[in-house]
Amino acid sequence: MIDVVLKKGKEKAVLHKHPWVFSGAIENVKGNPANGEIIRLLDSKKDFLAYGFYNAQSRVAVRLLEWDEAIAVDDNWFRDKVRVAVAGRAHILADGSTDTCRLIFSESDYLPGLIVDKYADHLAVQVLTSGMQNAMPVIIDELNQLLKPASIFDKSDATSRSHEGLETTNVLLAGNEPPELVMVKENGISYGINIAEGQKSGFYCDQRYNRQVLAGYAKGKNVLDCFSYTGGFTLNSLKNGAASVTSVDSSALALETLEENIRLNKFEGTEHSAIKSDVNVQLRKFRDDGEMFDVIVLDPPKYAPSRSALDRASRAYKDLNRLGMQLLNSGGLLATFSCSGAMDMETFKQVLAWAALDAGKQVQFIYQFHQPEDHPVRASFPEGEYLKGLLCRVW
Ligand code: SAH
(Lines give C-alpha, C1' and ligand atoms only; values in the text may rest on other atoms or scores of the structure.)
Protein backbone atom coordinates (compact mmCIF):
# COMPACT_ATOMS: atom_id res chain seq x y z
CA MET A 1 0.00 0.00 0.00
CA ILE A 2 1.29 3.45 -0.91
CA ASP A 3 2.21 5.92 1.86
CA VAL A 4 1.10 9.55 1.73
CA VAL A 5 2.97 11.81 4.16
CA LEU A 6 1.49 14.97 5.64
CA LYS A 7 3.35 18.23 6.13
CA LYS A 8 4.47 18.96 9.67
CA GLY A 9 1.64 20.38 11.79
CA LYS A 10 -1.12 19.31 9.39
CA GLU A 11 -2.31 16.27 11.32
CA LYS A 12 -4.65 17.99 13.78
CA ALA A 13 -7.90 17.65 11.76
CA VAL A 14 -7.03 14.03 10.95
CA LEU A 15 -6.52 13.27 14.64
CA HIS A 16 -9.92 14.84 15.26
CA LYS A 17 -11.35 12.33 12.75
CA HIS A 18 -12.23 14.86 10.08
CA PRO A 19 -12.43 12.77 6.90
CA TRP A 20 -10.84 15.22 4.42
CA VAL A 21 -7.17 15.96 3.66
CA PHE A 22 -6.59 18.86 1.26
CA SER A 23 -3.85 18.55 -1.34
CA GLY A 24 -1.96 21.50 0.19
CA ALA A 25 -1.44 19.54 3.44
CA ILE A 26 0.51 16.74 1.72
CA GLU A 27 4.32 16.69 1.90
CA ASN A 28 4.87 13.76 -0.46
CA VAL A 29 3.39 10.63 -1.97
CA LYS A 30 5.65 7.55 -1.92
CA GLY A 31 4.74 6.20 -5.32
CA ASN A 32 2.11 6.82 -7.92
CA PRO A 33 -1.32 5.78 -6.64
CA ALA A 34 -4.17 5.59 -9.12
CA ASN A 35 -7.19 7.81 -8.52
CA GLY A 36 -9.37 6.09 -5.95
CA GLU A 37 -6.64 3.79 -4.62
CA ILE A 38 -6.57 3.18 -0.86
CA ILE A 39 -3.42 4.63 0.74
CA ARG A 40 -1.86 4.86 4.22
CA LEU A 41 -1.73 8.42 5.56
CA LEU A 42 1.31 9.14 7.77
CA ASP A 43 2.26 12.18 9.84
CA SER A 44 5.54 14.01 9.28
CA LYS A 45 7.27 11.62 11.72
CA LYS A 46 6.04 8.73 9.55
CA ASP A 47 3.58 7.46 12.15
CA PHE A 48 0.34 5.94 10.87
CA LEU A 49 -2.72 8.21 10.97
CA ALA A 50 -5.43 6.60 8.85
CA TYR A 51 -6.37 4.77 5.63
CA GLY A 52 -8.13 6.70 2.89
CA PHE A 53 -9.02 7.04 -0.78
CA TYR A 54 -6.45 9.01 -2.78
CA ASN A 55 -7.27 11.26 -5.72
CA ALA A 56 -4.53 13.39 -7.30
CA GLN A 57 -7.05 15.46 -9.25
CA SER A 58 -9.25 16.51 -6.35
CA ARG A 59 -8.71 19.43 -3.96
CA VAL A 60 -9.68 16.90 -1.30
CA ALA A 61 -6.72 14.66 -2.13
CA VAL A 62 -7.47 12.04 0.55
CA ARG A 63 -10.84 10.96 1.96
CA LEU A 64 -10.28 9.07 5.16
CA LEU A 65 -11.99 5.80 5.91
CA GLU A 66 -10.40 4.06 8.89
CA TRP A 67 -8.24 5.37 11.74
CA ASP A 68 -7.33 1.98 13.28
CA GLU A 69 -4.24 0.56 11.57
CA ALA A 70 -5.17 -2.99 12.58
CA ILE A 71 -8.50 -2.89 10.70
CA ALA A 72 -8.13 -3.65 6.99
CA VAL A 73 -10.26 -1.62 4.60
CA ASP A 74 -11.32 -4.65 2.58
CA ASP A 75 -14.63 -5.87 1.11
CA ASN A 76 -15.91 -6.73 4.56
CA TRP A 77 -15.16 -3.23 5.80
CA PHE A 78 -17.40 -1.76 3.08
CA ARG A 79 -20.10 -4.41 3.60
CA ASP A 80 -20.15 -3.66 7.32
CA LYS A 81 -20.57 0.10 6.79
CA VAL A 82 -23.46 -0.55 4.37
CA ARG A 83 -25.16 -2.95 6.81
CA VAL A 84 -24.86 -0.53 9.73
CA ALA A 85 -26.22 2.41 7.72
CA VAL A 86 -29.19 0.43 6.37
CA ALA A 87 -30.03 -1.00 9.81
CA GLY A 88 -30.03 2.55 11.22
CA ARG A 89 -32.98 3.49 8.99
CA ALA A 90 -35.24 0.61 9.99
CA HIS A 91 -37.48 2.63 12.31
CA ILE A 92 -38.25 5.22 9.60
CA LEU A 93 -39.77 2.43 7.51
CA ALA A 94 -41.21 0.40 10.39
CA ASP A 95 -44.89 1.41 10.42
CA GLY A 96 -45.33 1.25 6.63
CA SER A 97 -46.47 4.88 6.19
CA THR A 98 -43.08 5.73 4.65
CA ASP A 99 -41.14 3.56 2.20
CA THR A 100 -38.62 6.11 0.96
CA CYS A 101 -35.56 7.46 2.76
CA ARG A 102 -31.84 7.99 2.40
CA LEU A 103 -30.06 4.75 3.30
CA ILE A 104 -26.48 5.99 2.97
CA PHE A 105 -25.34 9.61 3.36
CA SER A 106 -21.74 9.74 2.23
CA GLU A 107 -19.12 10.92 4.78
CA SER A 108 -21.80 11.08 7.46
CA ASP A 109 -22.21 7.29 7.14
CA TYR A 110 -18.42 6.72 6.84
CA LEU A 111 -18.66 6.08 3.08
CA PRO A 112 -17.22 9.21 1.40
CA GLY A 113 -18.93 9.93 -1.89
CA LEU A 114 -21.73 7.36 -1.72
CA ILE A 115 -25.39 8.32 -1.52
CA VAL A 116 -28.10 5.66 -1.65
CA ASP A 117 -31.79 6.56 -1.66
CA LYS A 118 -34.57 4.01 -1.29
CA TYR A 119 -37.71 4.45 -3.37
CA ALA A 120 -40.00 1.62 -2.29
CA ASP A 121 -38.37 -1.47 -3.89
CA HIS A 122 -35.97 0.57 -6.02
CA LEU A 123 -32.62 2.13 -5.13
CA ALA A 124 -31.01 5.23 -6.64
CA VAL A 125 -27.30 5.71 -6.00
CA GLN A 126 -24.95 8.64 -6.54
CA VAL A 127 -21.24 7.92 -6.62
CA LEU A 128 -19.20 11.10 -6.23
CA THR A 129 -15.63 9.87 -5.60
CA SER A 130 -13.28 7.66 -7.58
CA GLY A 131 -12.56 5.56 -4.48
CA MET A 132 -16.23 4.76 -4.06
CA GLN A 133 -16.52 4.08 -7.78
CA ASN A 134 -13.92 1.31 -7.30
CA ALA A 135 -15.84 -0.09 -4.34
CA MET A 136 -19.16 -0.21 -6.20
CA PRO A 137 -19.15 -3.93 -7.14
CA VAL A 138 -19.04 -4.94 -3.48
CA ILE A 139 -21.48 -2.19 -2.43
CA ILE A 140 -23.98 -3.32 -5.09
CA ASP A 141 -23.58 -6.93 -4.04
CA GLU A 142 -24.20 -6.05 -0.38
CA LEU A 143 -27.26 -3.91 -1.21
CA ASN A 144 -28.62 -6.77 -3.33
CA GLN A 145 -28.13 -9.25 -0.52
CA LEU A 146 -29.61 -7.01 2.17
CA LEU A 147 -32.58 -5.53 0.34
CA LYS A 148 -33.16 -7.54 -2.84
CA PRO A 149 -34.18 -4.34 -4.68
CA ALA A 150 -36.15 -4.47 -7.95
CA SER A 151 -33.51 -2.16 -9.44
CA ILE A 152 -30.40 -0.17 -8.57
CA PHE A 153 -30.08 2.92 -10.72
CA ASP A 154 -26.90 5.02 -10.88
CA LYS A 155 -27.95 8.68 -10.93
CA SER A 156 -24.46 10.14 -10.66
CA ASP A 157 -25.09 13.27 -12.65
CA ALA A 158 -23.70 15.63 -10.02
CA THR A 159 -21.17 18.06 -11.40
CA SER A 160 -18.98 17.38 -8.36
CA ARG A 161 -17.97 14.13 -10.07
CA SER A 162 -15.86 16.14 -12.49
CA HIS A 163 -13.64 17.29 -9.57
CA GLU A 164 -12.66 13.65 -9.22
CA GLY A 165 -12.15 13.10 -12.93
CA LEU A 166 -15.35 11.05 -13.28
CA GLU A 167 -17.90 11.26 -16.07
CA THR A 168 -21.57 11.73 -15.17
CA THR A 169 -23.73 8.63 -15.55
CA ASN A 170 -27.42 7.80 -15.61
CA VAL A 171 -27.53 4.04 -15.94
CA LEU A 172 -29.11 0.86 -14.57
CA LEU A 173 -26.66 -1.10 -12.37
CA ALA A 174 -28.81 -4.04 -11.28
CA GLY A 175 -32.31 -5.48 -11.77
CA ASN A 176 -34.83 -4.30 -14.33
CA GLU A 177 -35.23 -0.74 -15.62
CA PRO A 178 -37.48 1.08 -13.05
CA PRO A 179 -40.85 2.36 -14.34
CA GLU A 180 -41.01 6.00 -15.45
CA LEU A 181 -42.76 6.79 -12.16
CA VAL A 182 -41.84 4.65 -9.17
CA MET A 183 -44.64 4.78 -6.59
CA VAL A 184 -43.57 5.58 -3.03
CA LYS A 185 -45.20 6.61 0.22
CA GLU A 186 -44.08 9.24 2.69
CA ASN A 187 -46.10 10.24 5.76
CA GLY A 188 -48.91 8.10 4.28
CA ILE A 189 -48.98 10.20 1.09
CA SER A 190 -48.27 8.65 -2.34
CA TYR A 191 -45.77 10.12 -4.80
CA GLY A 192 -44.57 9.13 -8.24
CA ILE A 193 -40.80 9.45 -8.48
CA ASN A 194 -39.04 9.91 -11.80
CA ILE A 195 -35.59 8.55 -10.92
CA ALA A 196 -34.00 8.96 -14.36
CA GLU A 197 -35.26 12.46 -15.19
CA GLY A 198 -36.17 13.99 -11.83
CA GLN A 199 -33.84 16.31 -9.89
CA LYS A 200 -31.07 14.81 -7.75
CA SER A 201 -32.01 11.16 -7.27
CA GLY A 202 -35.71 11.96 -7.85
CA PHE A 203 -37.12 13.23 -4.54
CA TYR A 204 -36.13 15.42 -1.59
CA CYS A 205 -36.65 13.00 1.29
CA ASP A 206 -34.76 15.34 3.64
CA GLN A 207 -37.97 17.38 4.10
CA ARG A 208 -40.05 14.41 5.34
CA TYR A 209 -40.77 15.63 8.88
CA ASN A 210 -40.66 19.34 8.05
CA ARG A 211 -43.54 18.77 5.60
CA GLN A 212 -45.52 17.15 8.40
CA VAL A 213 -44.80 19.97 10.86
CA LEU A 214 -45.82 22.62 8.35
CA ALA A 215 -49.01 20.73 7.48
CA GLY A 216 -49.99 20.92 11.14
CA TYR A 217 -50.54 24.66 10.60
CA ALA A 218 -52.28 24.42 7.22
CA LYS A 219 -55.84 23.48 8.15
CA GLY A 220 -58.30 26.01 6.76
CA LYS A 221 -55.47 28.23 5.49
CA ASN A 222 -54.50 29.63 2.11
CA VAL A 223 -51.07 28.13 1.51
CA LEU A 224 -48.41 29.21 -1.00
CA ASP A 225 -45.76 26.54 -1.65
CA CYS A 226 -42.78 28.16 -3.42
CA PHE A 227 -40.13 25.92 -5.03
CA SER A 228 -42.68 23.14 -4.71
CA TYR A 229 -40.90 20.53 -6.87
CA THR A 230 -43.26 17.50 -6.97
CA GLY A 231 -45.38 18.82 -4.12
CA GLY A 232 -44.03 17.63 -0.76
CA PHE A 233 -45.36 20.62 1.19
CA THR A 234 -48.37 21.00 -1.12
CA LEU A 235 -49.62 17.44 -0.61
CA ASN A 236 -49.12 17.42 3.16
CA SER A 237 -51.06 20.71 3.36
CA LEU A 238 -53.89 19.36 1.19
CA LYS A 239 -54.07 16.23 3.33
CA ASN A 240 -54.37 18.35 6.46
CA GLY A 241 -57.30 20.36 5.15
CA ALA A 242 -55.78 23.53 3.70
CA ALA A 243 -58.46 25.84 2.23
CA SER A 244 -56.34 26.36 -0.89
CA VAL A 245 -52.81 25.60 -2.04
CA THR A 246 -50.84 27.41 -4.76
CA SER A 247 -47.63 25.70 -5.90
CA VAL A 248 -44.90 27.58 -7.77
CA ASP A 249 -41.87 26.03 -9.49
CA SER A 250 -39.85 26.77 -12.62
CA SER A 251 -39.74 23.11 -13.69
CA ALA A 252 -42.59 21.94 -15.94
CA LEU A 253 -41.73 18.28 -15.28
CA ALA A 254 -41.86 18.84 -11.50
CA LEU A 255 -45.31 20.46 -11.76
CA GLU A 256 -46.62 17.72 -14.06
CA THR A 257 -45.57 15.14 -11.48
CA LEU A 258 -47.10 17.29 -8.71
CA GLU A 259 -50.47 17.30 -10.46
CA GLU A 260 -50.21 13.56 -11.03
CA ASN A 261 -49.48 13.19 -7.29
CA ILE A 262 -52.61 15.18 -6.40
CA ARG A 263 -54.68 12.78 -8.53
CA LEU A 264 -52.95 9.76 -7.04
CA ASN A 265 -53.98 10.85 -3.54
CA LYS A 266 -57.48 11.92 -4.64
CA PHE A 267 -56.90 15.43 -3.27
CA GLU A 268 -58.62 17.06 -6.27
CA GLY A 269 -61.46 18.39 -4.11
CA THR A 270 -59.44 21.28 -2.70
CA GLU A 271 -58.71 24.47 -4.56
CA HIS A 272 -55.25 24.03 -6.02
CA SER A 273 -53.23 25.82 -8.68
CA ALA A 274 -49.79 25.08 -10.06
CA ILE A 275 -47.90 28.03 -11.53
CA LYS A 276 -44.82 27.51 -13.68
CA SER A 277 -42.73 30.59 -13.00
CA ASP A 278 -39.57 31.98 -11.47
CA VAL A 279 -40.50 32.43 -7.80
CA ASN A 280 -38.81 35.85 -7.65
CA VAL A 281 -40.97 37.05 -10.53
CA GLN A 282 -44.17 35.39 -9.29
CA LEU A 283 -43.89 36.84 -5.76
CA ARG A 284 -43.65 40.35 -7.22
CA LYS A 285 -46.66 39.59 -9.39
CA PHE A 286 -48.68 38.48 -6.34
CA ARG A 287 -47.61 41.69 -4.60
CA ASP A 288 -48.67 43.84 -7.55
CA ASP A 289 -51.99 41.96 -7.78
CA GLY A 290 -52.60 42.37 -4.02
CA GLU A 291 -52.78 38.60 -3.40
CA MET A 292 -52.15 37.57 0.21
CA PHE A 293 -51.66 34.19 1.93
CA ASP A 294 -51.85 32.72 5.44
CA VAL A 295 -48.94 30.29 5.13
CA ILE A 296 -45.96 30.55 2.76
CA VAL A 297 -43.24 27.94 2.19
CA LEU A 298 -39.90 29.05 0.71
CA ASP A 299 -37.64 26.06 -0.06
CA PRO A 300 -35.18 27.38 -2.65
CA PRO A 301 -32.26 25.48 -4.17
CA LYS A 302 -28.80 25.97 -2.67
CA TYR A 303 -27.90 29.67 -3.04
CA ALA A 304 -24.44 29.40 -1.42
CA PRO A 305 -22.41 26.52 -2.90
CA SER A 306 -19.37 27.62 -0.86
CA ARG A 307 -18.34 29.97 1.96
CA SER A 308 -17.06 32.50 -0.55
CA ALA A 309 -20.55 32.74 -2.06
CA LEU A 310 -22.18 33.41 1.32
CA ASP A 311 -22.43 37.21 1.10
CA ARG A 312 -24.13 37.17 -2.25
CA ALA A 313 -26.35 34.28 -1.19
CA SER A 314 -27.36 36.11 2.01
CA ARG A 315 -28.61 39.02 -0.08
CA ALA A 316 -30.63 36.61 -2.26
CA TYR A 317 -32.14 34.90 0.81
CA LYS A 318 -32.96 38.28 2.32
CA ASP A 319 -34.66 39.50 -0.83
CA LEU A 320 -36.70 36.31 -1.22
CA ASN A 321 -37.82 36.31 2.42
CA ARG A 322 -38.67 40.01 2.40
CA LEU A 323 -41.01 39.37 -0.53
CA GLY A 324 -42.52 36.36 1.22
CA MET A 325 -43.14 38.28 4.45
CA GLN A 326 -44.90 41.07 2.54
CA LEU A 327 -47.40 38.59 1.08
CA LEU A 328 -48.54 37.26 4.47
CA ASN A 329 -51.71 38.27 6.25
CA SER A 330 -51.00 39.64 9.73
CA GLY A 331 -49.99 36.77 12.04
CA GLY A 332 -49.36 34.50 9.04
CA LEU A 333 -46.65 31.86 8.92
CA LEU A 334 -43.50 31.70 6.85
CA ALA A 335 -41.70 28.34 6.64
CA THR A 336 -38.35 29.27 5.18
CA PHE A 337 -35.40 27.00 4.42
CA SER A 338 -31.77 27.08 3.40
CA CYS A 339 -30.01 23.97 2.14
CA SER A 340 -26.68 25.81 1.84
CA GLY A 341 -24.14 24.17 4.16
CA ALA A 342 -22.23 27.46 4.24
CA MET A 343 -25.21 29.24 5.86
CA ASP A 344 -25.50 28.30 9.53
CA MET A 345 -28.62 28.75 11.64
CA GLU A 346 -27.39 31.89 13.39
CA THR A 347 -26.56 33.59 10.09
CA PHE A 348 -29.91 32.51 8.67
CA LYS A 349 -31.73 34.09 11.63
CA GLN A 350 -29.76 37.29 11.04
CA VAL A 351 -30.75 37.29 7.36
CA LEU A 352 -34.41 36.89 8.37
CA ALA A 353 -34.09 39.73 10.88
CA TRP A 354 -32.82 41.98 8.07
CA ALA A 355 -35.61 40.77 5.77
CA ALA A 356 -38.20 41.61 8.46
CA LEU A 357 -36.77 45.13 8.87
CA ASP A 358 -36.88 45.72 5.11
CA ALA A 359 -40.41 44.35 4.93
CA GLY A 360 -41.54 46.53 7.82
CA LYS A 361 -42.63 43.43 9.76
CA GLN A 362 -42.10 41.86 13.18
CA VAL A 363 -41.09 38.21 13.21
CA GLN A 364 -41.23 35.50 15.89
CA PHE A 365 -39.23 32.31 15.34
CA ILE A 366 -41.58 29.59 16.55
CA TYR A 367 -39.91 26.39 15.34
CA GLN A 368 -36.53 25.32 13.95
CA PHE A 369 -36.47 22.85 11.08
CA HIS A 370 -33.50 20.61 10.37
CA GLN A 371 -32.45 17.59 8.35
CA PRO A 372 -33.86 14.23 9.48
CA GLU A 373 -32.02 11.29 10.99
CA ASP A 374 -31.39 9.56 7.67
CA HIS A 375 -29.14 12.56 6.90
CA PRO A 376 -27.01 12.28 10.06
CA VAL A 377 -24.35 14.81 10.99
CA ARG A 378 -21.10 13.23 12.10
CA ALA A 379 -19.58 15.14 15.05
CA SER A 380 -16.20 15.21 13.30
CA PHE A 381 -17.73 16.35 9.99
CA PRO A 382 -19.90 19.44 10.53
CA GLU A 383 -19.93 19.96 6.73
CA GLY A 384 -22.60 17.24 6.64
CA GLU A 385 -25.12 19.63 8.20
CA TYR A 386 -26.79 21.56 5.42
CA LEU A 387 -30.58 21.79 5.79
CA LYS A 388 -32.05 24.29 8.20
CA GLY A 389 -35.23 26.25 8.35
CA LEU A 390 -37.37 28.47 10.54
CA LEU A 391 -41.08 28.67 11.03
CA CYS A 392 -41.76 32.38 11.54
CA ARG A 393 -44.90 34.14 12.64
CA VAL A 394 -45.01 37.43 10.82
CA TRP A 395 -46.87 40.50 12.06
N1 SAH B 1 -39.91 21.86 -1.65
C2 SAH B 1 -39.57 20.77 -2.51
C3 SAH B 1 -38.10 20.72 -2.87
C4 SAH B 1 -37.54 21.98 -3.50
S5 SAH B 1 -36.12 21.74 -4.45
C6 SAH B 1 -40.04 19.45 -1.91
O7 SAH B 1 -40.56 19.45 -0.79
O8 SAH B 1 -39.87 18.42 -2.56
C9 SAH B 1 -35.99 23.26 -5.27
C10 SAH B 1 -36.98 23.49 -6.39
O11 SAH B 1 -36.81 24.83 -6.83
C12 SAH B 1 -36.81 22.62 -7.63
O13 SAH B 1 -38.01 22.00 -7.91
C14 SAH B 1 -36.46 23.62 -8.77
O15 SAH B 1 -37.10 23.28 -10.00
C16 SAH B 1 -37.04 24.88 -8.23
N17 SAH B 1 -36.42 26.15 -8.65
C18 SAH B 1 -35.12 26.48 -8.70
N19 SAH B 1 -34.97 27.78 -8.98
C20 SAH B 1 -36.22 28.29 -9.11
C21 SAH B 1 -36.75 29.60 -9.39
N22 SAH B 1 -35.94 30.64 -9.56
N23 SAH B 1 -38.07 29.75 -9.43
C24 SAH B 1 -38.91 28.71 -9.25
N25 SAH B 1 -38.47 27.47 -8.96
C26 SAH B 1 -37.15 27.25 -8.91
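Mentor: Start with a term: a cavity is a set of grid points where a 1.4 Å probe fits but cannot get out, and its lining residues have an atom within 4 Å of a point. Keep in mind that this is a predicted model.

Trainee: Okay, how many cavities of 30 Å³ or more does the structure hold?
Mentor: One. The largest cavity has a volume of about 40 Å³.

Trainee: Which residues line the largest cavity?
Mentor: The lining is made of Gly36, Phe53, Tyr54, Asn55, Val60, Ala61, Arg63, Thr129, Ser130, Gly131 and Glu164. Two or more of the lining residues come from each of β5 (48-54), β6 (60-66) and α4 (130-147).

Trainee: And which element gives the largest share?
Mentor: β6, with three residues.

Trainee: How does the lining divide into nonpolar, polar and charged?
Mentor: Four residues are nonpolar, five polar and two charged.

Trainee: New topic. What about α7, how far does it reach?
Mentor: Helix α7 covers residues 252-264, and its 13 residues reach 18 Å from the first C-alpha to the last. That is close to the 18 Å expected at 1.5 Å a residue.

Trainee: Which of its residues are buried?
Mentor: In α7, the buried ones are Ala254, Leu255, Thr257, Leu258, Asn261 and Ile262. Down the axis of α7 they fall within an arc of 160°, so they line one face of the helix.

Trainee: Why would spaced-out residues point the same way?
Mentor: An α-helix has 3.6 residues a turn, so residues three or four places apart do that.

Trainee: What covers the buried residues of α7?
Mentor: The cover includes β13 (189-193), α6 (232-239), β15 (244-249) and β16 (271-276).

Trainee: And just after α7, which residue takes a positive phi?
Mentor: Lys266, at about 55°.

Technical notes: Residues are numbered from 1 along each chain as its sequence is written. This is a predicted model: local features need pLDDT of at least 70, side-chain atom pairs count only at pLDDT 80 or more; totals for chains, interfaces and linings use all residues. Side-chain values use heavy atoms; hydrogens and water are left out. Helices (H or I, at least four residues) and strands (E, at least two) are DSSP runs, numbered from the N terminus. The expected span of a helix is 1.5 Å times one less than its number of residues. Buried means under 20% relative accessible area, exposed over 50%, partly exposed in between (1.4 Å probe, protein chains only). The arc is that of the directions from the helix axis to the C-beta atoms. Contact means heavy atoms within 4.5 Å. On a 1 Å grid over the protein atoms alone, a cavity is a set of points where a 1.4 Å probe fits but cannot get out, and a pocket is an open set with protein on both sides within 12 Å along at least five of seven lines; lining residues have an atom within 4 Å of a point. Grid points are joined across faces, edges and corners, and a volume is the space filled by probe spheres set on the points. Ala, Val, Leu, Ile, Met, Phe, Trp, Tyr, Cys and Pro count as nonpolar, Asp, Glu, Lys and Arg as charged, and the others, Gly among them, as polar.
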